[in-house]
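Subject: Structure handover

Hello,

The structure you asked for is below. My notes follow it.

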Amino acid sequence: MENEKNKLAEGEQLHLRFGTHLRRLRTAQQLTQEQLAERSGLSVDAIRRIERGAFSPSLETLAKLTEGLDVSLKTLFQTFEREKSDRVAELCDFLSNRSGRDVQLVWRVVRAMFEER
């Protein structure tokens with residue numbers, strides 16, 4: 001009985017940690033819950049429940065969240081495990097959805113920024 005209670009408490013902790021992680025990602029992009037819901041194709045209530053740790057998202061919901069946040073599923077979980085944002089992974093995700101020309105332009109800008117130092 002005690003073991004079952006511990007497992008339940010661990011599951012609730014995981015939901016709370018993921019909710020906090022999602023809120024961090026959302027606010028880092030300066031998105032409201034409403035904006036993330038619209039970009040993800042989810043309801044505002046679903047976003048609120050996930051962020052409160054009251055709802056465990058399915059894989060389908062996670063995929064929608066990654067679309068709304070413009071990050072890959074890999075980045076979503078890597079940053080969750082580290083509990084901090086990995087800007088390099090987020091930048092790679094951002095660039096992976098852009099044209100070759102856009103990537104080339106970003107590369108030139110980044111190089112120029114650091115060559116002047």
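Gln 30 is in the loop between H1 and H2. Helices here (H or I, at least four residues) and strands (E, at least two) are DSSP runs, numbered from the N terminus. The phi of Gln 30 is near 55°, a positive value in a residue that is not glycine. Gln 30 counts as exposed because its relative accessibility is 70%. The classes are these: buried is under 20% relative accessible area, exposed is over 50%, and partly exposed is in between (1.4 Å probe, protein chains only).

Asp 70 also has a positive phi, about 60°, and is not a glycine. Asp 70 sits in the loop between H4 and helix H5 (73–82). Its relative accessible area is 22%, so Asp 70 is partly exposed.

Some ground rules. This is a predicted model: local features need pLDDT of at least 70, side-chain atom pairs count only at pLDDT 80 or more, and totals for chains, interfaces and linings use all residues. Residues are numbered from 1 along each chain as its sequence is written, and side-chain values use heavy atoms, with hydrogens and water left out.

Confidence comes next. pLDDT is the predictor's confidence in each residue, from 0 to 100. The chain averages 84, and 81% of the residues score at least 70. Helix H2 (residues 33–40) has the highest mean in the chain, 98. H6 has the lowest, 75. Where pLDDT is low, the predicted coordinates should not be read in detail.

The overall fold is helical: the chain has 7 helices and 0 strands. From the N terminus on, the elements run α-α-α-α-α-α-α. The chain has 117 residues, and 29% of them are buried. Take contacts (heavy atoms within 4.5 Å) between residues at least 6 apart in sequence: 51% of these join residues at least 24 apart.

Now the core. A nonpolar core is a set of buried Ala, Val, Leu, Ile, Met, Phe, Trp, Tyr and Cys residues joined through side-chain atoms within 4.5 Å. The largest one holds 14 residues. Leu 22, Leu 36, Ile 47, Leu 65, Leu 69 and Leu 76 touch the most other members. Helix H1 (2–28), H2, helix H3 (44–52) and helix H4 (59–69) each give two or more residues to this core. In soluble globular proteins, nonpolar side chains tend to be buried together. Leu 65 touches Leu 22, Leu 36, Ser 40, Leu 42, Ile 47 and Ile 50, leaving out residues up to four places away in sequence.

Arg 26 has 8% relative accessibility, so Arg 26 counts as buried. Leu 25 is buried too, at 8%. Gln 35 is partly exposed, with a relative accessible area of 37%. Arg 26 touches Leu 31, Thr 32, Gln 33, Leu 36, Glu 51 and Leu 69, again leaving out residues up to four places away in sequence.

Last, the pocket. A pocket is an open set of points on a 1 Å grid over the protein atoms alone, where a 1.4 Å probe fits, with protein on both sides within 12 Å along at least five of seven lines; lining residues have an atom within 4 Å of a point. The largest pocket has about 150 Å³ of space. Its lining is Gln 29, Leu 69, Asp 70, Arg 87, Glu 90, Leu 91 and Phe 94. Helix H6 (residues 87–96) gives the largest share, 4 residues. H6 is also where mean confidence is lowest.

Best wishes

Notes. Grid points are joined across faces, edges and corners, and a volume is the space filled by probe spheres set on the points.
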